[in-house]
Every structure is written in structure tokens, then in C-alpha cells.
Amino acid sequence: MAKLPQVSVVGIQGTNGSFGSVDGFDTMPEGMMVTYPSIACLDEDGGIMIDSKYQGTGGIKPEVVIPVNQEAVEKIFEEDYDYELEYLLKKII
């Protein structure tokens, strides 16, 4: 969708190839948590898209970057609040 002229990608950060759908996780030794996407994303040819290259390239970068500040942290982690959606709605309304 990012290639369509009427679409703008908005977010806190880019996906770097991880596609932004992180639902799976494993707890590793020493309390480290590893997260991973739980869906397979396909390119326009039906091929499975994989994570970014070792250089960190890949994925989709937002055109509108939502800032991460103290308010964002409080809203995202301390309240049942969709900070990204509310930020965007404030910008377009």
C-alpha cells in the first residue's frame, strides 16, 4: 500500500522488514525476550518477505514519524490508549 499515491505510512518507527505485527515471543536466559512476527507477509509476486538485511535495510519507513516522548511512553505503557491513532487524529482533524 505504501506505493499508492493516496496512502501515507504513519508510525513511531519503521518495520525494518519485520512488518510491524509482533505477536509471538520467547523468553530467553537471563530474562531476555525475543519477539517475532506471527504472520507471513508477501510481496507483489507472492513471495514471502523476510526480515531486513544485516545492514538494517528493508521494511517500510513511515512518512509521518510519531515522536516518542514522555507523554508517548505514559500513554502507550501506562494506559489502555492507542497513542499512535490519537496522535494522527489530532494532526488531521
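Reply: Start with methionine 32, which sits in the loop between strand 2 (22–27) and strand 3. The model is predicted.

Me: Why is methionine 32 called exposed?

Reply: Its relative accessible area is 54%. Exposed means over 50%. Methionine 32 is therefore exposed. Leaving out residues up to four places away in sequence, methionine 32 touches Asp26 and Thr27.

Me: What makes valine 7 buried or exposed?

Reply: Valine 7 has 16% relative accessibility. Buried means under 20%, so valine 7 counts as buried. It lies in the segment before strand 1 (10–11).

Me: Which residues is valine 7 in contact with, leaving aside neighbours within four places in sequence?

Reply: Met1, Ala2 and Glu63. Contact means heavy atoms within 4.5 Å. Valine 7 and glutamate 63 are 56 residues apart in sequence. Their C-alpha atoms are 9.8 Å apart in space.

Me: How do you know whether alanine 72 is buried or exposed?

Reply: The relative accessibility of alanine 72 is 0%. The limit for buried is under 20%, so alanine 72 counts as buried. Alanine 72 is in helix 1. Not counting residues up to four places away in sequence, alanine 72 touches Pro67 and Tyr83. Alanine 72 and glutamate 84 are 12 residues apart in sequence and 8.6 Å apart in space, C-alpha to C-alpha.

Me: And phenylalanine 77, buried or exposed?

Reply: Phenylalanine 77 is in helix 1 (residues 70–78). Its relative accessibility is 67%. Exposed means over 50%, so phenylalanine 77 counts as exposed.

Me: What makes Val68, Val73, Ile76 and Phe77 a patch?

Reply: They form a nonpolar patch on the surface. Patch members need over 30% relative accessible area, and nonpolar side chains are joined within 5 Å. Phenylalanine 77, at 67%, counts as exposed. Together Val68, Val73, Ile76 and Phe77 have about 380 Å² of accessible area.

Me: How many aromatic pairs does the structure hold?

Reply: The structure holds 1 aromatic pair. The rings belong to tyrosine 83 and tyrosine 87.

Me: Why is the pair of tyrosine 83 and tyrosine 87 called tilted?

Reply: The ring centres are 6.1 Å apart. Rings pair if their centres lie within 6.5 Å. The planes are at 40°. Under 30 degrees would be stacked, and over 60 would be edge-to-face. The pair is therefore tilted.

Me: Why are tyrosine 83 and tyrosine 87 separated by about one helical turn?

Reply: Because they are 4 residues apart in helix 2 (residues 83–92). Both tyrosine 83 and tyrosine 87 are buried.

Me: What does the chain look like as a whole?

Reply: It has 2 helices and 4 strands. Along the sequence the pattern is β-β-β-β-α-α. Of its 93 residues, 12% count as buried. The chain exposes about 7,600 Å², and carbon and sulfur atoms supply 56% of that area. Among contacts between residues at least 6 apart in sequence, 48% join residues at least 24 apart.

Me: Where in the chain is confidence lowest, and where is it highest?

Reply: Strand 3 (residues 33–37) is lowest, at a mean of 71. Strand 4 (residues 64–65) is highest, at 86. The chain averages a pLDDT of 75, and 68% of the residues score at least 70. Where pLDDT is low, the predicted coordinates should not be read in detail.

Technical notes: Residues numbered from 1 in each chain as written. Predicted model: local features only at pLDDT ≥ 70, side-chain atom pairs only at ≥ 80, totals over all residues. Heavy atoms only, no water. Patch = residues over 30% accessible without salt bridge, like charges linked within 9 Å, V, L, I, M, F, W, Y side chains within 5 Å. Areas by Shrake-Rupley, 256 points an atom, 1.4 Å probe, with all protein chains shown as cover. Salt bridge = Lys/Arg side-chain N within 4 Å of Asp/Glu carboxyl O. Buried < 20%, exposed > 50% of the residue type's maximum accessible area, 1.4 Å probe, protein only. pLDDT = per-residue confidence, 0-100. Phe/Tyr/Trp six-rings, centres within 6.5 Å; stacked < 30°, edge-to-face > 60°.
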